[in-house]
Amino acid sequence: MGREKAAKEALNLLRGRLCDPTFVFKPLSDSPESNYSKLKFIISSSVTEACNNSILLLGPRGSGKIAVLELVLKDLLLEYPDMISVIRLSGLLHSDDNCAFKEIARQLCVEHDLLFSKMASFDDNSQFMIAMLRECGLAHKTIIFVLNEFDLFAQGKQRVLYSLLDAMQSITSQAVVIGVSCRLDADQLLEKRVRSRFSHRKLMFLPPSKEDLERLLGHILSLPLDSTLPHDYAVEFNAKLQNMLADEKFKQTIYTYMNSDATVNHLLRFLFRAVSYMDLGSGFLALENFKTALPNIQRQPKLECITDCSILELYILVCMKRLEVKEQNSYNFNSVMTEYKRIHDTFQTSDYYARNVCLRAFEHLQQRELICFTDNRGHNQSVEFRPVKLLISSYELQQGLKSYRSCPVILLKLMDREA
Amino acid sequence: MGKEESPRITRRTTRSSCSTPVANNVVETMKTSDESLTTNDLVFGEDPITLDDLLSSFPSRRAQILELVRLLGPSNSPMLPLFIYGGPSTGKTSIILQTFRHLNRSFVYSSCLTCYSPRILFESILNQLMLHRKNAMNGYSSVKRCEKPADFVNFLREALSNVINNLMGNSGKLNTKRLVGQAHGNTVYLIFDNLELVRAWDKSSTILPFLFNLYDVLKMPELGLIFVSNTSPDTYYSSMGYIEPVPVYFPDYTEDDLRQIFMRNQANRKVYSSFLDVVLRPFCRITRRVDELSTAFAPLFAKYCEPLSDLGVVPREELKRRLFSHLQPHIASSLNEVFKISSQPSPEAESNKEMKQKGSRRRFAGCEEIDELDFHMSTSAKYLLISAFLASRNPATLDASLFDSMGGFDNRKRKRKSSQKSLEQKETAEQELLMKGPGTFPLERLLAIFQCITSVAEGSIDEEEQENEGLGVQRGDGGLMSDVLLQLSSLCNANFIIKGGSCPLEGSTRYRSTVSEEMVLKVARSLKFPLSKYLYRR
């Protein structure tokens, strides 16, 4: 009983860690070469030297840009408690200029205990921001602007970026603009007037190396010995974990998974799944947990869709494939039906159904997104006449037919003939 | 059936929860509107069920339910966003809701089907979180007006932290004794159903990445996000890119699963099982969706039971065979029907239909052809339908030769030797016809053809014309025109003729006939109108 409770607590702890990126990226940030150290140096120097700065953090989605930045900001806020205020914007939310200035004004008001007016206009808000920048500069206080999804701010007139960077040209202000983006060409998106005011400092975030990965796994999955967890349980858990981490089969599983995408967040998703499979009875992670998690997280949606189809729907797919092989440049439901009839006439299949039944099957396929209309506009035309296309390759279709439990032999034959 | 009609007002019902027996246990009394809501209203609102009940109420969904429970984890444990997907009527929504009933945790359910725009979606979530109910007192307004994701995030953060603090306070207070209906844990889950519809929204390119990134934006470990979608995660890929949620797949039911599902709640299991032996396999070749199959099975089962005098009987081999031979003629015809609405027919019509179906049984492979029209239509409407069909099918350039004073087109003239080239041409022309669908025509052309064919019909069949005099088939005068326009608009309403967009050159409205050739042939036959004479064959 005590064991189960401890296991539950351990599971909660592990899940909590996996959902908290700042915990995950902690061990990757201690070396002087790491992005953490570089970023911290740049920001702290501009805080202490009271200068303006701008920097871009670039890297694929899920490589921990924001997490590392949050770690840095947390440390700096501890180091210089009254000298920094952070304004966080996200391109997903504030790509609209009006919204962005409003949000900046709101956060500035919250930071400095001022009254925020919802009714303030675009002009009021932007002037308020510039005034605040000047005030903070005079008080030797640095404002750090974090622009997440930086590339989205570069849409449209880029008024936000321009006024931010332009305000930083004066010596009175004291601000750091940090852009975070997964587009490596984010600085190329900027207008000339914005680009000339930008510092072009860039930090690249790369997926972890194999050694880092192993260190990371140990860091995330091992239990702390100095917590409320029973000590002997934690020791035993960690010992088993070390055994498993050293296991060649385990490494193989992890590497096959990381082949498709090597970023840390991708790994976290997998670990989350595996950890949720942990057996609460024994309370230990086992290799089986990871092995069952692998096929469950690496899904093949198109193949699943095909195996979900009914036999009539498979017939329609094969008919469409045949039409494509015949190099008919566009076809619709009617031509599929003539092909269907032709197959029926030549091979005398047992599955020949009425047109409206086929039409329903056709619409099911469209719902499954195995096929789609080639044009978006022909809404006033009925379904039968709108040209369609297949959304799966012939290889996928063939695989799907092979894995289908009771696929009619004739369909397999027809597909083989095409290939 | 009577049970389900009782006034059962629970906060959440799904399509299939009406049929789950567990849902019928509790009849929650309606909350009066002046009663203020508490955080306890964020749970399912009925007595929690055990895991065994949950598993047994959804046959052959054991693996998915266990997986969901595992991924949701013990109470108070953080969770990465989940993405539940699978075809329609595979039990996604029901299972997630019943799972929350089992776990008894707080959640906010919103379907993108009913919340059809970002604003309605956001406001619905906020209303539920802020325990606000629209009523006459507040003029059916939402608690917050919120259209932009930016505002939504601020409101949501505020509302969530309030709710979570409340839940924490509750659980701290009630550690000694647990109240009934009290939520377990302080995690709040947001469920977004029918997510695939968001892709069709105006602002889908910003809303979808926003929803998928909501967890990272809010950074609250006490928040769980669950997306439910008909389509697989790969259909959401865009140039934006996003962190994929953890996928949970609900496959379509297999034939054996379907048998288990249909066997539930059957009065006479033996009879139904022998019925399923007969029908399930052929129907599964067409569709494996529970909803479609159940609509197809209901009338068939009634047919199957017809020879039985006592419904409680245990069928033996010989009886099964008799029932099978009784049902067999109906299977083939109902396989070829999408859905049939049976109007209550008079006994004579019933027997009539019986005979007809026997006749049509042999040729079920094609379209079911019944010589008579199964609806009534005035003669002038029939002529109008035919002329619309002709206008759609025939090229306009041939009108003059088709409808000359002689009436009719001389087919003999067109006979030519079919060389290889002309055969090819014919094939491409056929292809084109299949692709293009019926052509469009202006109103003037329709009226001209209508005039021509009615005048011909008058000449040939005088007697019928006498009868139909009142119906507006009169020699060109003003009365006819107004009548015809009326008929035309009613044909448009009945969807026999589609009113298309206006022609860019002429600026007049163009029409298009949607009726099939078989149907027009039937209409023509009922009028004894020589349709084939006027039809241009390519």
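Analyst: A quick cut-off to start with: a residue is called buried under 20% relative accessible area, exposed over 50%, and partly exposed in between. Arg119(B) has a relative accessibility of 29%, so this residue counts as partly exposed. Bear in mind that this is a predicted model.

Arg119(B) has a partner, Glu123(B), and the two side chains form a salt bridge with N and O 3.0 Å apart. Both sit in helix H5 (residues 118-129) of chain B, 4 residues apart, or about one turn of the helix.

In helix H17 (residues 311-325) of chain A, Glu324(A) and Lys321(A) lie 3 residues apart, about one turn of the helix, and their salt bridge has its closest N and O atoms 3.3 Å apart. Here Lys321(A) is the buried one, with 7% relative accessibility, while Glu324(A) is partly exposed at 29%. Over in helix H11 (residues 210-221) of chain A, Asp212(A) and Arg215(A) are also 3 residues apart, about one helical turn. Their closest N and O atoms are 3.5 Å apart in the salt bridge. Asp212(A) is partly exposed at 24%, and Arg215(A) is partly exposed at 42%.

Some bridges join up: Arg322(A), Lys326(A), Glu339(A) and Arg342(A) are linked in a salt-bridge network. Over all chains, the count is 33 salt bridges.

Of the bridges, 7 run across the interface of chain B and chain A. One salt bridge pairs Arg360(A) with Glu292(B), with 3.8 Å between the closest N and O atoms. On the side of chain B that touches chain A, the residues split into 36 nonpolar, 16 polar and 15 charged. The two chains bury about 5,600 Å² between them, 55% of it on carbon and sulfur atoms.

Now for a charged residue without a bridge. Arg105(B), in the loop between helix H4 (92-103) and strand E2 (106-111) of chain B, is buried and has no salt bridge. The nearest side chain of opposite charge is Glu4(A), 13 Å away. What Arg105(B) does have is a polar contact of 2.8 Å between its side chain and that of Tyr189(B). Leaving aside neighbours within four places in sequence, the residues in contact with Arg105(B) include Leu42(B), Val43(B), Phe100(B) and His184(B).

Methods. Residues numbered from 1 in each chain as written. Chains lettered and ligands numbered in written order. Predicted model: local features only at pLDDT ≥ 70, side-chain atom pairs only at ≥ 80, totals over all residues. Heavy atoms only, no water. Buried area = accessible area lost by both parts, 1.4 Å probe. Salt bridge = Lys/Arg side-chain N within 4 Å of Asp/Glu carboxyl O. Nonpolar A, V, L, I, M, F, W, Y, C, P; charged D, E, K, R; others polar. Helix = DSSP H or I, 4+ residues; strand = E, 2+ residues; numbered from the N terminus. Buried < 20%, exposed > 50% of the residue type's maximum accessible area, 1.4 Å probe, protein only. Lys, Arg positive; Asp, Glu negative; His and termini not counted. Polar contact = N/O pair within 3.5 Å; in protein donor to acceptor, adjacent residues only side chain to side chain. Contact = heavy atoms within 4.5 Å.
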